[in-house]
Amino acid sequence: MAVTVDTSKLSGDELVMYEVLTLDGKVIATHEDPNDEGQTVHVTEPKIGTTATDKTDGDHKILASRSAVIVDEVAYTGLVPGEEYVMKGVIMDKDTGKPVIAGDREVRAEMRFTPNSPNGTVSLEFQFDASALGGKKLVVFEELFKNGEPVAEHKDIDDAAQTVEVVNALGPDGAAHADSG
């Protein structure tokens, strides 16, 4: 027997299924054990957290090049193993709070995945032309969907772990430097 329950306000709760069998209006059997783990569903709220880095060296700076790649490692908790999810991300301009436009479109990535356990990680890769973005700070925003509905998001424009700075060139010390002018 399938029962549909709106659990949107029940995160952290445990739901226990009771059964009552009747015949001709009379109860002939029941199963009403609040301690039966086999009849208990633990309601969890999916959560995500992320770290965005340069694919080349894993730091939070990328060169202003035509072939920039940001990898966004998304850690998740509270997912249902065996169910399909879609992780979507967009790169935002920290100064404007708007999506970054590279070429003629927003910089986005997405992936479908089916977790084997409630907690884990997935990686989104954003490949884009960053040659005109020198000096900008880019912040990755993510949303997690299940059955087309959003179930979690991580959108913090001030999160340093989600931020990657676009630098114009390597300095004489071999390190990446932002444009000072």
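Guide: Let us start with a term. Rings of Phe, Tyr and Trp pair if their centres lie within 6.5 Å. The structure holds two aromatic pairs. Bear in mind that this is a predicted model.

Visitor: What makes Y76 and F113 an aromatic pair, and what makes the pair tilted?

Guide: Take the distance, then the angle. The ring centres of Y76 and F113 are 5.4 Å apart, and the cut-off is within 6.5 Å. So the two rings pair. Their planes stand at 35°. Under 30 degrees would count as stacked and over 60 as edge-to-face, with the rest tilted. Therefore this pair is tilted.

Visitor: Why is the pair said to tie parts of the chain together?

Guide: Y76 lies in strand β7 (residues 68–77), while F113 lies in strand β11 (residues 108–113). The two parts are 37 residues apart in sequence, so the pair ties them together. Y76 and F113 also belong to one aromatic cluster with Y85.

Visitor: How do you know whether Y76 and F113 are buried or exposed?

Guide: Buried means under 20% relative accessible area. Y76 has 7%, so Y76 is buried. F113 has 9%, so F113 is buried too. In the protein, buried residues make up 31% of the 181 residues.

Visitor: What makes the contact between R108 and E106 a salt bridge?

Guide: Side chains of opposite charge can pair when their charged atoms come close. The test is a side-chain nitrogen of Lys or Arg within 4 Å of a carboxyl oxygen of Asp or Glu. For R108 and E106, the closest N and O atoms are 2.8 Å apart. That value is within the limit, so the contact is a salt bridge. The whole structure has nine salt bridges.

Visitor: Why is R108 called exposed, but E106 partly exposed?

Guide: Exposed means over 50%, and partly exposed lies between that and the buried limit of 20%. R108 has 52% relative accessibility, so R108 is exposed. E106 has 33%, so E106 is partly exposed.

Visitor: What makes E143, E153 and K155 one network?

Guide: Look at the bridges. E143 and K155 meet in a salt bridge at 3.3 Å, N to O. This pair links distant parts of the chain, twelve residues apart. E143 is in strand β13 (residues 137–146), and K155 is in the loop between β14 (149–154) and β15 (163–167). E153 forms a salt bridge with K155 as well, with the closest N and O atoms 3.7 Å apart. Salt bridges that share partners join E143, E153 and K155 into one network.

Visitor: How do you know that the charged end of K88 sits over the ring of F145?

Guide: One part of the test asks for NZ of Lys within 6 Å of the ring centre. The charged end of K88 is 4.8 Å from the centre of the F145 ring. The other part asks for a position within 35 degrees of the ring normal. K88 is listed as sitting over the ring of F145.

Visitor: Why can V3 be part of a surface patch?

Guide: Patch residues need over 30% relative accessible area and no salt bridge. V3 has 49%, so V3 passes the area limit and is partly exposed. V3 is found in the segment before β1 (14–16). M1, V3, V5 and M17 form this nonpolar patch, with about 450 Å² of accessible area together.

Notes: Residues numbered from 1 in each chain as written. Predicted model: local features only at pLDDT ≥ 70, side-chain atom pairs only at ≥ 80, totals over all residues. Heavy atoms only, no water. Patch = residues over 30% accessible without salt bridge, like charges linked within 9 Å, V, L, I, M, F, W, Y side chains within 5 Å. Areas by Shrake-Rupley, 256 points an atom, 1.4 Å probe, with all protein chains shown as cover. Helix = DSSP H or I, 4+ residues; strand = E, 2+ residues; numbered from the N terminus. Buried < 20%, exposed > 50% of the residue type's maximum accessible area, 1.4 Å probe, protein only. Phe/Tyr/Trp six-rings, centres within 6.5 Å; stacked < 30°, edge-to-face > 60°.
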